[in-house]
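Visitor: I would like to learn how to read a few features of this model. Could you take me through them one at a time?

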Amino acid sequence: MPRYNPATIEPKWQQFWEEHKTFATDRLPATEKRYVLDMFPYPSGDGLHVGHPEGYTATDIVCRYHRMRGRSVMHPMGYDAFGLPAEQHAKKTGTPPRETTEKNIANFRRQLKMLGFSYDWDRELATTDVAFFRWTQWIFLKLFDTWFDVEAQCGRPIDELPIPADVAAAGDEVVRRYQDEHRLAYQVEAPVNWCPKLGTVLSNEEVQGGISERGGHPVVRIPLRQWMLRITAYADRLLAGLDDVDWPESIKLLQRNWIGRSTGAEVDFFIGTSIGPDGRPPEADFAAWQTARRGKSFPAKEGDDVLRIYTTRPDTLFGATYMVIAPEHPLVDRLTSDEQRAAVTTYREQAARKSELDRTDLAKEKTGVFSGSSAINPVNGTAVPIWIADYVMMGYGTGAIMAVPAHDERDFEFAQQFDISIKAVVDPGGAVDADVRRAILAGEQVFTDHGTAVNSGSYDGLATAAFKKQITGDLATGGVARAAVNYKLRDWLFSRQHYWGEPFPILHELDADGQPTGLLRAIPADELPIDIPDMKMPETSESPEPPLEQAPEAWLYPVVDGVRYKRETNSMPQWAGSCWYYLRYLDPANDQQLVDPEVERAWMPVDLYVGGAEHAVLHLLYARFWHQVLFDHGLVSTREPFRRLVNQGMILGEAEFTGYQADGKEWISASRVKTSADGALLADGKTPVVSVTIDPDQVEKQGDGFVLKNENAIKVESRSFKMSKSRGNVVNPDEVVREYGADSLRLYEMFMGPLEATKPWSMSGVNGVRGFLDRVWRMIVDDRAESPTLNPAISDSPPDDEQNRVLHRTIKAVTEDIEALSFNTAISRMMEFTNFFTKQSERPRAAMDALVLLLSPFAPHIAEELWAALGHADTLAYEPWPEWDESALVEESMELPAQINGKVRSRITVPTDADRPALEAAARADARIAELLEGKTVVKVIVVPGRLVNFVVK
RNA sequence: GCGAGAGUGGCGGAAUUGGCAGACGCGCUGGACUUAGGAUCCAGUGGGGUAACCCGUGGGGGUUCGAGUCCCCCCUCUCGCACCA
């Protein structure tokens, strides 16, 4: 048989699997099911990078393993194919996005097949398929048709929304508008993140410190009509659901922080209807207001005579020395005195402009301006001056706070800057040093922890937690406060100004003059899909007008029942398709339903979901949200879609040595080089230097770092960088497959290290695992023979005891390692097996069969080829997984360390089942130990059977 | 700044959860076979020491017969979040 040649055997087996539909999955599982899912890729023009096959190989191993264990495996693949690049390409070249996308998908498909993954290709889908996004639109209609019943904590159909009597009385149109306000999908005219360069609005999640996450372009805030999804309604459910899933704690924490639930109180501060000459509302008005509020329930909407604030620390109300409202707060105008008006106007303009810039840069120093007026603190009737400052944001809570500088770091900083008084109301007691406590109580230092109330009237002496509860209750009785919950999570901005995205199935009613009436009409589900119209892409413009505004009239202005409508011209964000694609795989051709409930119940939830950690928050939160809405409608049977989640780590480029050179090519030691604030490389903080990649053989180890061989004083850095085109360290899977084969690529990616870890690429490592596959090949076949011949060492006799022990130890280790997703160690075990058996002149066929089966999930092509060479007629994909025999593992004797004072001084060979006295005796009998114990007092003997013997001596 | 994770040979990484540190692979050294080797095979490979032995898991302390593993303090790196009241 010839040498191992992946270039011929890999395509051969891929073709075999394809022709025989080896991995096609039945509609319903016949045995215990496993749904193993990869995060589907965005089919970029660059093709797969080596990061993709990492997760995909891991799931493929799990799937192939489970099939051999007799389980019914669902393992599909598809493409998250909407995306900006195809659209930008279209603008540049005129190529329709669909054409570009399909070309890219074809390339991805070729690459995925080249790697031998055991997907059921009949279930392949792309989010851009009209037959797929028909159901994305259908789900949108569900969202549109849902309101959230807070009492029941459940989404319900909109026609079950209770209509208040006054609304009902006002007529049909008012009822419709009322319903529209309560839908999970709703429209707002709100300031949004508009990115002129990308030509679209971005979600808060896609903006990092004033620039777009993708591309790094500036983002400005402009008001636009947008679709929102009311994900905040599901905040508590999304939080609670995390307790029921087997996800990495770090990811759960990320989601919990993102949702950012806090509890506290909303409190109304009286501002009256007019500002008195002293800047505060008249005392009498306050008294009247207090009386009017007492005993009443806290109004759902604050009147215009109060400033409503949210606080998590109602126990610090007595320490509120000023208040802050956001510059965008609706009461700014009213609360500004004439004297302050000019200053306030200037400040608001500055603040508005500031939000267009990178705010993080400006976040160093707090800014603000006094409004000239005050509000009345409901706990003690004190007038509290109101400031306007942009460290309070309109989007969170009520957009207004009471500031307690003594017990909040931001307020403390602000108060110091503007010389506002600081009043301590929480005594840390013994929790801090005495002088720190003194400083805190004197208002010289901030203290944000819990403690004991002081300067708080009758509440003095209460512990923080008790105080919170007490005062919230007291104020609620007075009708001026209520317990409240807030979330950092914002509603999800769901519309984009793209051509290449799912159109919304929504029509806007037009009046006789062709103007929108503001009334909406959802397109009936049976009229879906709404396809993307064929049209010429508009010229690049930086206006926020969606491209679909220039769609053909016939598409844009449909007439239904004699009424003229204009279609919604925004499109859905790329996240939409990925929110539910895992459901469609189960029933991809169904044109009656999103998924057949019987099929859904049989396969869901996803048992294992593997993908990059970059989706920790967005994709996984959005998908969970949609899933819960679908659950509320009885469309899916599980509360959570993904039972177990694993994040594969990033693969970095090959390790590089970097040195630094000044102008004249003179080397500068890396220890002197720092990156300055603006990103420039400076030596000793002043001389500019450039970084130079150094050949590994110019470098040697010295101390705990590396230095130049020629100039030992020059330190160089050693590290790996993220793969990027600009750095030129991208590894192309096509090339690796061409050079080493798909099995080697798969095996190497699994051998690099733990799946979750970030690891650097190493081409010689690939070469190493290829060497292993070569050895496996030669262990079994005679690679010098012309015709297919087994290695003469292969024998039909049964394994001897030692061979059997190695065999069963390997089966056990590999099986347990696969279960634990510890693929790197599983491969090590198979290497040990191979190292052992290549030295054996008799290699029992049974052992070879077993190894080939163990190897097959990792390197399926070579395994199939060897399986055939060993005389088996059919694919090994459904061969029973080898089982180990515990009794074959036991050895008669073993070697144990014998220690004196915890240091290994000798090794003893003892029967495996030796008891404590026998072990101690054996150790004492050892010549070396006996010699060392001579003349010493043995204080204690520690014997751990199967582990060691340790003498503690004096 | 806050939060999470991680620091083990020249490199990637192992170590049944407190029990022989460095499995396995790369690289390196020597040897064999070769016209040749970026093929294959054999041997060696944490550091120091002729040796007995000593030192070694980022640094410092501690618990323990015994610590990579547990506790305290510190340093470095990576990834999130970034005025969330």
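Guide: Gladly, starting with the names: helices (H or I, at least four residues) and strands (E, at least two) are DSSP runs, numbered from the N terminus. This is a predicted model, in which local features need pLDDT of at least 70, side-chain atom pairs count only at pLDDT 80 or more, and totals for chains, interfaces and linings use all residues. Residues are numbered from 1 along each chain as its sequence is written, chains are lettered from A and ligands numbered from 1 in the order in which they are written, and side-chain values use heavy atoms, with hydrogens and water left out.

Visitor: Where is P529, and what is the peptide bond from L528 to P529 like, cis or trans?

Guide: In general, most residues other than glycine have a negative phi, and most peptide bonds are trans. Here P529 sits in the loop between β23 and α17 (553–556), and the bond that leads from L528 to P529 is cis, with omega near 0°. M604 and P605 are also joined by a cis peptide bond, with omega about 0°; P605 belongs to the loop between α20 (597–603) and β26 (608–612). For phi, look at D561: its value is positive, about 50°, although D561 is not a glycine. D561 is found in the loop between β24 and β25 (563–567).

Visitor: Which strands make up the sheet with β24, and in what order?

Guide: Two strands pair if DSSP finds at least two bridges between them. The order in this open sheet of four strands is β23-β22-β25-β24, and the pairing is antiparallel. β23 (516–522) and β24 (559–560) are the edges; each has a single partner strand, so one side of each is left without a neighbour in the sheet. Between β22 (residues 506–510) and β23 there are four bridges in the antiparallel sense, and L507 stands opposite R521 in β23. Helix α7 (residues 172–182) lies across β22 and β23, at about 65° to β23.

Visitor: What is the strand order in the open sheet that holds β7 and β11?

Guide: That sheet of four strands reads β8-β7-β11-β21, again with antiparallel pairing. Its edge strands, β8 (200–202) and β21 (492–493), each pair on one side only. Strand β7 (residues 185–195) is joined to β11 (residues 220–229) by ten bridges, with V188 opposite Q226 in β11.

Visitor: How should I read the packing of α24 and α27?

Guide: Two packed helices are described by the angle between their axes and the distance between the axes. Axes are lines fitted to C-alpha atoms, for helices over the stretch in contact (heavy atoms within 4.5 Å), and angles run from 0 to 180 degrees between N-to-C directions. Helix α24 (residues 763–780) packs against α27 (residues 845–855) at about 150°, with the axes 11 Å apart. The contact is made by F772, L773, V776, M779 and I780 of α24, and by M848, L851, V852 and L855 of α27.

Visitor: How many salt bridges does the structure hold?

Guide: Side chains of opposite charge can pair when their charged atoms come close. With a salt bridge taken as a side-chain nitrogen of Lys or Arg within 4 Å of a carboxyl oxygen of Asp or Glu, the structure holds 53. One of them is between K725 and D46, at 3.4 Å from N to O. K725 is in the loop between β37 (715–719) and α22 (733–740) and D46 in the loop between β1 (33–38) and α2 (51–68), so the pair ties together parts that are 679 residues apart in sequence.
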